Amino acid sequence: MRRTAGLALLALAVFFAALAPLLRWYAYPRLAKIPAGEYQTMVLQAKNATLLDYGTMTARTVPQVTIVQTLKGDVQASERIERTAGRDVVVWDGLSYVQGPDGKMVSKVPERYIFDAHTQEPVHATGEMVDGDPVRRTGIEFKWPFLTQKRDYEYFDAQTRTTAPIHYRDTRDFRGLKVYYFEQTVPWTEVPMPKTMPVQGITPQTVARTGTTRWYTTVRRFWVEPVTGAPVYGEEIHREELRGGTLLGGRAKVTAFAGHVKMREDYIEHTVAMVKSNRTLVLLLTAYLPWGFLLLGLVLMSLSLLLEARSRRPHRPAAAEPAEPAEPRSVTA
């Protein structure tokens, strides 16, 4: 019986020891992915910002500018692209909607971002665009890869339609989570006018005829939870200017928007809670289950060896009981 039990334990030990690397190196790369139907909304605000009044073409300070960013997964488009790409693909339709303190639209810029569901690398397909302009992204946008590393990444900037490094600076604690802090500075760059302007009748084409151009710079900051690769907080020190042309009435430039853009508190709390939940799921596949199964395999193997050793121990016969002393016999002369 001991030998049979030992062999059973040994078989289980081999099974769990083999399962540990399979979970980490086979199952995890296939199971950890962004859902194709994901829907996210993020609200950011810039307090005491500078905003251009297009009626008078003068900059003024306003109490608050609000930026609503939405990302909506297009499942049908993902499935269509997957048939030719040969891998899991996510298609996000994004919209950055900026409104002033009166609730009126300042600008809105749509995007279509197509990327690998596992690695977050861009996938180039028809429909990839920013504000209606076809683009060919390189680098990441919106999300870092699972198991983010302490290194610089290439990050796509939608305003300039270009990619530049975003630098890892240090590791920090953010509301109970260990996060990696990344920062990118985009220097002053001429960028296209938004297709949708805040004043009816004004289009990018009419502005272009005046000779006025739009310029932009920003300092972009992200606090990224490394296991999931999800930013739990982000902010930008953002500036836009209109320069030259007859639209400015002889002025060299005027500020179109300037402000320190930060995530709204309720969205920070929601994002942190969501990331903590998803972090546990990723850790199950990358750490908890693989190491747990490996440890269980070692314990089972130790028990198997112990039973085998006991089954091989030689059998000792029971000690013989001492014989009763014989009664004395009488001797006659």
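Strands (E, at least two residues) and helices (H or I, at least four) are DSSP runs numbered from the N terminus. The model is predicted, so local features need pLDDT of at least 70 and side-chain atom pairs pLDDT 80 or more, while totals for chains, interfaces and linings use all residues. Residues are numbered from 1 along each chain as its sequence is written, and side-chain values use heavy atoms, without hydrogens and water.

**Exercise 1.** Find the strand order of the open sheet and its edge strands.

*Solution.* Pairing requires at least two DSSP bridges between two strands. Step one: the twelve strands follow the order 6-5-4-3-2-1-12-11-10-9-8-7, with antiparallel pairing. Step two: strand 6 (133-134) and strand 7 (153-157) each pair on one side only, which makes them the edges.

**Exercise 2.** Describe the pairing of strand 3 with strand 4.

*Solution.* Strand 3 (residues 89-99) runs antiparallel to strand 4 (residues 105-116) over eleven bridges. Within this pairing, Gly 94 has Glu 111 as its bridge partner in strand 4.

**Exercise 3.** Is Thr 217 buried or exposed?

*Solution.* Thr 217 belongs to strand 10 (residues 213-225). Its relative accessibility is 14%, so Thr 217 is buried (under 20% relative accessible area; exposed is over 50%, partly exposed in between; 1.4 Å probe, protein chains only).

**Exercise 4.** Which strand gives the largest share of the lining of the second largest pocket?

*Solution.* The largest share, three residues, comes from strand 1.
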